[in-house]
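Visitor: I have a model open and would like to go through it step by step. Could we start once it is on the screen?

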Amino acid sequence: GATKESQKPEDKSGIKGTGKFEVGQRVRVRHWNFEFYEGLERVLTQSDLLQGYTIIESVSIDFREAVLLVAKNIVSDLTSKKSEKHYRPLPSSTEQVLHFEVHEILFKVALTGPGSDAFCNLANEYRHTATIFRCHEIGLCVPFAALVDLHGFRLLATAHCTETDVLVLGWDSAADTYVSHSPVLQEKLSNAARLLNLSRHLLRCGDDLHWTYLHLHATAKLSSRVFTTSGLDLGKRFFLANLQHLYPTDVTEGGRHHVDEPPDYVHILSPFKLRPELLRRQSSPLHADLPFLPPPPPSYVELTPDELAEIAARRAIVVDNALENLAEVRRITRILLRVAPDNAVDA
């Protein structure tokens with residue numbers, strides 16, 4: 001019979017059940033997203049289940065080992081001299097979040113500690129990425145991702161899209177404009193939004209208006225790789241990224257308005273997002289941005305005391321109703337406990 005080694009897919013690192021990512025290894029360029037979705041499509045189309053599951057396990061194990069290895073090096077480098085560091089941060093890094101790109105993987109490292117905005121935003125991005133993946137909308141993809149908490153730091157690792165992928169939705173810094181010119185992508189987003197109970201909203205970019213289901217900072221790229229299984233063309237693949245603000249802000253936890261530059265548009269800045277299961281229970285769809293008019297200077301406007309008082313009053317009503325319901329349940333339970341022994345019937 002065939003051995004496990006002979007069943008290993010060609011040109012794939014790792015074998016079933018093990019990984020081959022070694023410390024100090026000079027790894028070849030990996031197209032993590034392409035490999036994973038190639039295996040996934042073999043499984044979904046049932047064209048080659050054994051090959052598909054083997055590819056998925058292989059790339060998952062190698063990705064996990066690569067992420068853990070680099071994460072340990074990044075965290076240990078935070079207290080090292082510049083000349084002794086393994087990797088240098090990307091220019092896009094900020095004081096709160098450092099960015100690195102290693103082995104075709106983009107790492108975002110939150111430096112501000114548990115409970116901070118940066119910590120919450122990385123968790124939001126990972127959760128929202130997983131939510132889009134679970135929609136199983138053919139052609140709507142997310143990068144392979146992993147979230148790591150290590151020694152008080154949080155790292156989000158996402159597989160890097162290739163440079164040849166074309167931006168079809170999001171802010172194009174090179175052209176200094178917002179791009180949205182793919183009806184196919186909008187249709188796929190609409191299908192996913194119905195499952196998530198998300199509604200579309202209007203983005204104002206200068207004199208242009210765009211309807212979208214995503215937040216201002218979210219992007220979508222059309223993959224330049226051809227995704228086929230057994231010669232069957234499975235269509236275009238759009239990869240979404242920067243989904244930390246996909247879900248509406250939970251204003252009961254606080255929020256503030258901010259005029260973003262560029263473009264001149266008002267959105268909510270808060271790491272407190274509604275959880276997916278809570279959004280699905282809403283009677284009507286909600287959207288990521290609230291249609292507030294641009295606030296007067298300064299750019300940041302905290303919630304007014306009246307707004308906070310209204311939120312507190314609503315919370316008090318909810319708590320009172322919950323306590324009344326609990327008291328009623330306990331009262332009925334005591335009555336049943338007193339009656340049950342007398343009316344007990346042997347089965």
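Visitor: Which helix lies across S1, S2, S4 and S5?
Guide: That is helix H4, residues 117-134. Please keep in mind that this is a predicted model. Helix H4 runs at about 30 degrees to S5.

Visitor: In what order do the strands of that open sheet come?
Guide: The order is S1-S2-S5-S4, four strands with antiparallel pairing. Strand S1 (97-102) and strand S4 (145-150) are the edge strands, each pairing on one side only. From one strand to the next, the twist averages 20 degrees.

Visitor: How many bridges join S2 to S5?
Guide: Six bridges join them, with strand S2 covering residues 105-110 and strand S5 residues 153-159. The two strands run antiparallel.

Visitor: Which residues in S5 stand opposite Phe107 and Ala110?
Guide: Phe107 stands opposite Ala157, and Ala110 is placed opposite Arg154.

Visitor: And on the other pairing, how many bridges link S1 and S2?
Guide: S1 and S2 pair over six bridges, in the antiparallel sense. Within this pairing, Glu101 stands opposite Leu106 of S2.

Visitor: What about the hairpin there: which residue takes a positive phi?
Guide: His103 does, with phi near 55 degrees. The hairpin of S1 and S2 has two residues between the strands.

Visitor: Is S2 mostly covered or mostly open?
Guide: S2 is mostly covered, as five of its six residues are buried.

Visitor: Changing topic to the surface: which residues form a nonpolar patch?
Guide: Leu202, Leu209 and Trp211 form one on the surface. Together they have about 290 Å² of accessible area.

Visitor: Where is Leu202 found, and why does it count as partly exposed?
Guide: Leu202 is in strand S8, residues 201-205. Leu202 counts as partly exposed because its relative accessible area is 31%, and that class lies between the buried limit of 20% and the exposed limit of 50%.

Visitor: Now the whole chain. How many helices and strands does it have?
Guide: The protein chain has seven helices and 16 strands. Of its 347 residues, 42% count as buried.

Visitor: What does the accessible surface come to?
Guide: The accessible surface of the protein chain comes to about 20000 Å², and 55% of that belongs to carbon and sulfur atoms.

Visitor: One last point: what share of the contacts between residues at least 6 apart in sequence join residues at least 24 apart?
Guide: In the protein chain, that share is 64%.

Note on methods
Residues are numbered from 1 along each chain as its sequence is written. This is a predicted model: local features need pLDDT of at least 70, side-chain atom pairs count only at pLDDT 80 or more; totals for chains, interfaces and linings use all residues. Side-chain values use heavy atoms; hydrogens and water are left out. Patches are made of residues with over 30% relative accessible area and no salt bridge: like charges are joined within 9 Å, nonpolar side chains (Val, Leu, Ile, Met, Phe, Trp, Tyr) within 5 Å. Accessible areas come from the Shrake-Rupley method with a 1.4 Å probe; for residues, only the protein chains shown count as cover. A salt bridge is a side-chain nitrogen of Lys or Arg within 4 Å of a carboxyl oxygen of Asp or Glu. Buried means under 20% relative accessible area, exposed over 50%, partly exposed in between (1.4 Å probe, protein chains only). Two strands pair if DSSP finds at least two bridges between them. Axes are lines fitted to C-alpha atoms, for helices over the stretch in contact, and angles run from 0 to 180 degrees between N-to-C directions. Contact means heavy atoms within 4.5 Å.
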